[in-house]
Amino acid sequence: MAELTEPDPIREQVREKYAAAARAAAARGPAPSSCCGPAEVALTDAAGAQVFGDALYDPGESAGAEGAVGASLGCGVPTAVADLHEGETVLDLGSGAGADVLISARRVGATGRAIGLDMTDEMLELARANAQRADVRNAEFVKGDIENIPLPDATVDVVISNCVINLSGDKAKVLAEAARVLKPGGRFAVSDVIADPAMDDATRADMAQWTGCIAGALTRREFEQALAAAGLVDVEIRETHRVHEQAAAAIIRARKPDAASCCSTHALQACCEPSAKSPCCGEPASTTAPATCGCNSASPT
Ligand SMILES: C[S@@+](CC[C@H](N)C(=O)[O-])C[C@H]1O[C@@H](n2cnc3c(N)ncnc32)[C@H](O)[C@@H]1O
């Protein structure tokens, strides 16, 4: 289980920015507006199309969650690609006003559970109000850091997130935590910003661009490597639209290995709880795992 994350300057600036965004959305009411970025980051593309927020949602998909969708700060619609099923447990990293949690909660039904995790009190308050207004009862909003997810190992079927991982100063930790809480075979389906490999140093160093989801973004290659290092497999990154002259929004999908195929060096670290690993798991990393290595058949799935 996670311990509290030490305060860090990036996180504090991100928190302040999104606390202000939540206060503005609460004052405004459920009206469509907003975006991920601050004024320095374009909200629309060169043709005037909105590249962040509620305009990305199909009204049919978001029925009943309009208030939360109106306050969306995302750069995609992870629920459109997460293939959610009745009874599943979904975790949204950086849930903001709650749009993707509420949509997920409806998809997984009364036997499922949708959990939003966010570090900003004002966002949690807004999300809970949106859930109440939408009369969604199988959604909960938990305070915490995505670098230290306050959930036990192997308890989540699907991790989603919408334009949040780029905001973290420790993306490797976020992905390792996502892999830890996923059940074997669990899915990772997020929308995020990916930086062009040639993003210039001035953009990368600009804190306003960071809190606006652009400067902190990984490149496609870095994201692929970070997901593999976290033990996730079947990585797929698909660019959806440009959000900046040096960055694009993308759908990023991956999967935690099934218990039965828990045998790569990375998977050994990620695919099941220590108590469920067969004896060879957890031995010093080698390049080739023994053929018998994996989770015990009694491991939770
Ligand atoms: C760009 S907004 C996206 C919100 C939501 N996913 C959406 O699509 O509207 C980023 C959200 O992530 C939260 N956040 C940013 N960094 C975080 C961290 N390290 N841990 C937890 N929450 C974080 C912020 O408080 C904010 O609500």
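Start by selecting Tyr18, Ala19, Ala22, Arg23, Ala25 and Ala26 in α1: they meet Glu122, Met123 and Leu126 in α4. "Meet" here is contact, with C-beta atoms, placed from the backbone, within 7 Å. Helices are DSSP runs of H or I with at least four residues, strands are runs of E with at least two, and both are numbered from the N terminus. By class, this contact has 7 nonpolar residues, no polar ones and 2 charged. Nonpolar covers Ala, Val, Leu, Ile, Met, Phe, Trp, Tyr, Cys and Pro; charged covers Asp, Glu, Lys and Arg; the others, Gly among them, count as polar.

Before moving on, a word on what you have open. This is a predicted model, where local features need pLDDT of at least 70, side-chain atom pairs count only at pLDDT 80 or more, and totals for chains, interfaces and linings use all residues. Numbering runs from 1 along each chain as its sequence is written.

Now show α1 and α4 (residues 121-133) as cartoons. They pack at an angle of about 35 degrees with axes 7 Å apart; axes are lines fitted to C-alpha atoms over the stretch in contact, and angles run from 0 to 180 degrees between N-to-C directions.

Leaving out residues up to four places away in sequence, Ala127 touches Ala68, Ser95, Gly96, Ala97, Gly98, Val101, Gly116 and Phe141.

Next, select α3 (99-108). What is buried there? Ala99, Asp100, Val101, Leu102, Ile103, Ser104, Ala105, Arg106 and Val108 are, which makes 9 of the 10 residues in α3. Buried needs 20 or more other C-beta atoms within 10 Å of a residue's own, with C-beta atoms placed from the backbone. Those residues pack against α2 (66-70), β1 (89-93), β2 (113-118), α4, β3 (139-143) and β4 (156-162). Just past α3, Gly109 has a positive phi of about 70 degrees.

Then bring up the ligand. How many residues surround the ligand? There are 26, and the closest are Gly74, Gly94, Gly96, Thr120 and Asn162; a residue is near if its C-beta atom, placed from the backbone, lies within 6 Å. The shell splits into 13 nonpolar, 8 polar and 5 charged residues. Both α1 (9-28) and α3 supply at least two residues of the shell, and α1 gives the largest share, 3 residues.

Finally, zoom out to the whole protein.

Definitions and conventions
Contact = placed C-beta atoms within 7 Å. Buried ≥ 20, exposed ≤ 12 C-beta atoms within 10 Å, placed from the backbone.
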